[in-house]
Amino acid sequence: MTDNTARNLEYDLPDLQAYWMPFTGNRYFKKDPRLIARAKGAYVWTHDGKKVLDSIAGLWCCNAGHCHPKIVEAIQKQAAVLDYATAFQLSHPKVFELANKLTDIAPDGFDYAFFVNSGSEAVDTALKMALAYHRIRGDGARTRLIGREKGYHGVGFGGISVGGISPNRKMFGAMLPGVDHLPHTHNVEKNAFTRGLPEWGVHLADELENIVALHDPSTIAAVIVEPIAGSAGVILPPQGYLQRLREICDEHGILLIFDEVITAFGRTGDKFAATRMGVTPDLITTAKGLTSGTVPMGAVLAKGEIYDTFMTGPEGAIEFFHGYTYSGHPLAAAAACATLDVYEEEGLYERALSMESYLEDGLHSLKGEPYVIDVRNYGMIGAVEMQAIDDQPTARAVQLFRHCFDNGVSVRTTGDTAAFSPPLIIENKQIDQIIETVRGALRAI
Ligand SMILES: Cc1ncc(COP(=O)(O)O)c(C=O)c1O
């Protein structure tokens, strides 16, 4: 395989009008476009040949680095052998191989994998599984779903209903009925500059007791949370918080869903956040790092007891009326098998854990720089929160993003927080480059 890192491609920009871009200020972007033409390892190159260090692994997904030769080869081979096989009442070998590999590395008891094409689909699938699970067991009054303020669970109607980011919800009507929200756990006054999980805030989990009392436990199907919220600007669970949610759910027969779309596959310094944090949910949603971002794919991991509950009707009948045309697509399955092999073979789970303190020290060295009001970190995740400019929320972060990008580092900003989730192959000197570029930007903007 040829290494294309040495080439300095220049792409003539196509006409940009026809493409309606997602989660983007279209008019602004098209005036000053930034197109990524190619990528390799921890770097991407823009259409005009600029080399940029990718501090966010694409969008929390390219954990093995970009264009990993083994993953590329697996996709190419698969495309030539089997392009598509219907997922309903028929299948193909690669997806079974993947289910075995994935359940092998999943937390104990997660023996089943249901494949989808994105994090949003994984979330909606898990919510439907939870509702149907209770109904099959004769507990069909359990229809309520509990999410959390500032939660992000993708953009399907299920995901935005349990999600807690206002702009993602306000245009879209009433959404799912019977949804309630836990309070978020972000508190700069109490927890600023904590290294790892903050000490303050475990009591926020007890709010679930109030929600349960309000609605009665017999009406609640599931609680869904991200172990670490990424999209809202990296919000960490206080120590003991997830354990407490688990206890309350157990007490009341409520299923606990961990949305691990960004936290799985090494991001927290272990295969899953559930394992690193020592809390076992009932369902886990994943996507992104499953294929290291190469081919769209997500999965819901289910415990045996949940799968078994579905397998009770007449044999030959469909047990779960749900699935997608591209569930377990051959190219995605081949990419995911190769990706999981790469994570193991290159020791990336262990590497992520061993790099944690270096990233932590680097990020916390930004304390005291202009505007910095908090630094947060866990595993290979970091965040630098800045004081917002009066009456111009997000403006400071936009300035930071631009300055960093122009100086060769891409960062992801949400609100006035810059988030970091580098590929797990990143090296110390590249972490240094990220930190020093951000420091320079903070001093310059
Ligand atoms: C926790 C979480 N859930 C769900 C999603 C949605 O994933 P997708 O964009 O693949 O639909 C995301 C995306 O960032 C996420 O962070």
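Predicted model: local features only at pLDDT ≥ 70, side-chain atom pairs only at ≥ 80, totals over all residues.
Residues are numbered from 1 along each chain as its sequence is written.

The axes of α14 (residues 348-364) and α16 (residues 428-444) come within 10 Å and cross at roughly 20 degrees; the two helices are therefore roughly parallel to each other. Axes are lines fitted to C-alpha atoms, for helices over the stretch in contact, with angles from 0 to 180 degrees between N-to-C directions. Helices (H or I, at least four residues) and strands (E, at least two) are DSSP runs numbered from the N terminus.

On the α14 side, the contact is made by Y358, L359, G362 and L363, and on the α16 side by N428, I431, D432 and I435. Residues are in contact if their C-beta atoms, placed from the backbone, lie within 7 Å.

## Positive phi in loops

M175, which is not a glycine, has a positive phi near 55 degrees. M175 lies in the loop between α7 (166-169) and β6 (179-182). With 14 other C-beta atoms within 10 Å, M175 is partly exposed (buried: 20 or more; exposed: 12 or fewer; partly exposed: in between; C-beta atoms placed from the backbone).

D391 also is not a glycine, and its phi is positive at about 60 degrees. The loop between β12 (381-386) and α15 (395-406) holds D391, which counts as exposed with 6 C-beta neighbours inside 10 Å.

Methods. Parallel < 35°, antiparallel > 145°, perpendicular 65-115°, else oblique. Contact = placed C-beta atoms within 7 Å.
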